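Here is a short tour of a structure that may be new to you. Keep the sequence and the 3D view open as you read.

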Amino acid sequence: MSGVTIRDLSKAFPKEDGTATQALAGVNLEISDEEFICLVGPSGCGKTTLLRIIAGLETATTGDVTVDGRAVTGPDPKRGMVFQEYSLFPWRRVIDNVAFGLEMKGVAKEERRRTADYYLELVGLSQFRDAYPYELSGGMRQRVAIARALANDPDVLLMDEPFGALDAQTRNRMQKELLSLWEQTKKTIVFVTHSVDEAVYLSDRIVVLSPRPGSIREIIDIPWSRPRDRTSAEFAEVRRRVLRMIDETENAQ
Amino acid sequence: MNRQTQKRLLGIAALVVTAVIWQIVAEYVVGRSFILPSVTDVAGAFANLLESGTLLADIAVSLEHFGIGLLAAFFLGVPIGILMGWFRVADFLLDPIIEILRPIPPLAWIPFAIIWFGLTTQAAGFVIFAGAFFPILTATYSGFRDVPKVFVEAGKVLGCDTSFELIRHVALPAAIPAIASGIRIAMGVGWMCLVAAEMFGVSRYGLGYQLWHNYYLHQMPNVVVYMLILGFAGLIIDRIFRNYVDGQLLRWRAGEVA
Ligand SMILES: Nc1ncnc2c1ncn2[C@@H]1O[C@H](COP(=O)(O)OP(=O)(O)O)[C@@H](O)[C@H]1O
Ligand SMILES: [Mg+2]
């Protein structure tokens, strides 16, 4: 069981002039185990901030986050993170990037390589195990980053626009692969995106945030089975609804 | 003829022409070996020095002075640079001290080098250290300051719990290229300090020592020989280091080095 509970969460970043940027205000959200959640909302509404607070990389001003009933107090390998920027360590080979978390846990070399090989296989990059990150394309780098997060066997996988920098085709392929990974590993996934199309394609529920200070505007259930047909009428309908919601909130500002 | 051979041939031609002009000027215009030794004077001096056989000992002693200075600079500069680059308090504490000491020319330390260490190998090493320390410190410091935040955060979410682990597994490897170029600069500065460091007779051998010694003996062709060897040796040291770093440490950067 790896549900995430977010209660009355708010976050203010203090500024030089003594005032503060209110990034999040009064966020309440219950994410259940093995759920795939997408966070969408206008840019600057606090999606990254919310994800970073769940990761423990940022502390909430008020409210709290619990995973499995335990309060989040700092970063922990139990909550894996895939960053928006390329975050692979360029001085480590692909295999040793994936094995990094296990190395920190003190797992012996043989065993951590075996585990890392398994996850590399899972993301389809076994033949690049001895390459350095600079030899990989953007899509491959993010797949390695996903394998690296998964190798720690986290309860929750947090992903911040991981496919944002990829071209449309690669992006679609990565979405398919991510779904198949999710089905195999049964992680709880919190996925930030500004592509509504991506959110409708991937998630069990879409959480729409309102503009700064971010709070939850609406939660949309998507109960359809996967893989989903992007060209279907119902897909287009949900996409339109979410887009309109984001537009409205943006114009209301 | 391709570019490379063209470049090489032109380079050699220019060297030959320079040598010929030097020879003519030295022999027919100046006419005194003491003021400007000719090419043949220098070549003869070089042959004599090779035979008399102190060249190897001179090089060995100079490398010893140089090595002491650089090792000390490395083992003090890197840790202090890490402390200042990683911990704000260390930065705030040490920065004013560093800023006062850094602009002091390395050779200004010579009197205290002699007072503290006497006329010893260590005194020469200390002068070279004074030149090599700050480039290594500064490069390590900025290498650490420039570690991309996302690497540090990736390290944290992947299980680095302590500053020590983050430094060892994330920041230090990320800063290696910066540290390596700092060492390269330090080696250049250290080598330049060598002649002055050996000026006071801290040893009976050494390229710098011999340069001064032959000057006192008015053996100017020998002085030129030592000047040229100092230049060559500096060049070779730099090349060896660069090849080593490029080949070994920085394989992972092959894509970035333009
Ligand atoms: N470290 C920070 N310091 C100050 N302000 C920040 C910081 N991080 C984010 N913010 C501000 O908080 C708001 C939300 O940012 P972010 O979470 O990155 O939004 P999103 O990911 O939805 O685009 C923005 O106004 C941003 O400028
Ligand atoms: Mg963001």
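Asp68(A) is partly exposed, because its relative accessible area is 32%. Here buried means under 20% relative accessible area, exposed means over 50%, and partly exposed means in between (1.4 Å probe, protein chains only). Asp68(A) sits in the loop between strand 4 (62–67) and strand 5 (70–71) of chain A. Helices (H or I, at least four residues) and strands (E, at least two) are DSSP runs, numbered from the N terminus. Asp68(A) has a positive phi of about 60°, although it is not a glycine.

This is a predicted model: local features need pLDDT of at least 70, side-chain atom pairs count only at pLDDT 80 or more, and totals for chains, interfaces and linings use all residues. Residues are numbered from 1 along each chain as its sequence is written, chains are lettered from A and ligands numbered from 1 in the order in which they are written, and side-chain values use heavy atoms, with hydrogens and water left out.

Asp153(A) also has a positive phi, near 50°, and is a residue other than glycine. Its place is the loop between helix 5 (138–150) and strand 7 (156–160) of chain A. Asp153(A) has a relative accessibility of 42%, so it counts as partly exposed. Most residues other than glycine have a negative phi, and most peptide bonds are trans.

Is Lys187(A) buried or exposed? Lys187(A) is buried, because its relative accessible area is 8%. Lys187(A) lies in the loop between helix 6 (168–185) and strand 8 of chain A. Its side chain joins that of Asp153(A) in a polar contact of 2.5 Å. A polar contact is a pair of N or O atoms within 3.5 Å; within protein, one must be able to donate a hydrogen and the other to accept it, and residues adjacent in sequence count only if both atoms are side-chain atoms.

Leave aside residues up to four places away in sequence. Lys187(A) then touches Glu34(A), Glu35(A), Leu150(A), Asp153(A), Pro154(A), Asp155(A) and Trp182(A). Contact means heavy atoms within 4.5 Å.

His194(A) is in the loop between strand 8 (188–192) and helix 7 (196–202) of chain A. His194(A) is exposed, because its relative accessible area is 51%. Its side chain makes a polar contact of 3.1 Å with the side chain of Glu161(A). Pro42(A) is 152 residues away from His194(A) in sequence, but 7.4 Å away in space, C-alpha to C-alpha.

Two peptide bonds of chain A are cis. The table places them.

| Peptide bond | Omega | Loop holding the proline |
|---|---|---|
| Arg212(A) to Pro213(A) | near -5° | between strand 9 (205–209) and strand 10 (216–221) of chain A |
| Arg226(A) to Pro227(A) | near -5° | between strand 10 and helix 8 of chain A |

## Helices of chain B

Now turn to chain B. The axes of helix 3 (residues 55–86) of chain B and helix 9 (residues 207–216) of chain B come within 7 Å and cross at roughly 120°. The two helices are therefore oblique to each other. On the helix 3 side, Asp58(B), Ile59(B) and Ser62(B) make the contact; on the helix 9 side, Leu207(B), Gly208(B) and Gln210(B) do. These residues divide into two nonpolar, three polar and one charged.

Which residues of helix 9 of chain B are buried? They are Leu207(B), Gly208(B), Tyr209(B), Gln210(B), Leu211(B) and Asn214(B). The buried residues pack against helix 3, helix 8 (163–197) and helix 10 (220–249) of chain B. Just after helix 9 of chain B, His218(B) takes a positive phi of about 60°.

Leu83(B) lies in helix 3 of chain B. Leu83(B) is partly exposed, because its relative accessible area is 40%. Leu83(B) and Thr140(B) are 57 residues apart along the chain, and their C-alpha atoms are separated by 9.5 Å.

## Confidence

pLDDT is the predictor's confidence in each residue, from 0 to 100. Chain A has a mean pLDDT of 92, with 98% of its residues at 70 or more. Chain B has a mean of 93, and 98% of its residues reach 70 or more. Among the elements of chain A, helix 8 (residues 233–252) has the lowest mean pLDDT (85), and helix 2 (residues 94–98) the highest (97). For the complex, the predictor gives an ipTM of 0.93 and a pTM of 0.90.

How values were computed: Axes fitted to C-alpha atoms, helices over the stretch in contact; angles between N-to-C directions. Parallel < 35°, antiparallel > 145°, perpendicular 65-115°, else oblique. Nonpolar A, V, L, I, M, F, W, Y, C, P; charged D, E, K, R; others polar.
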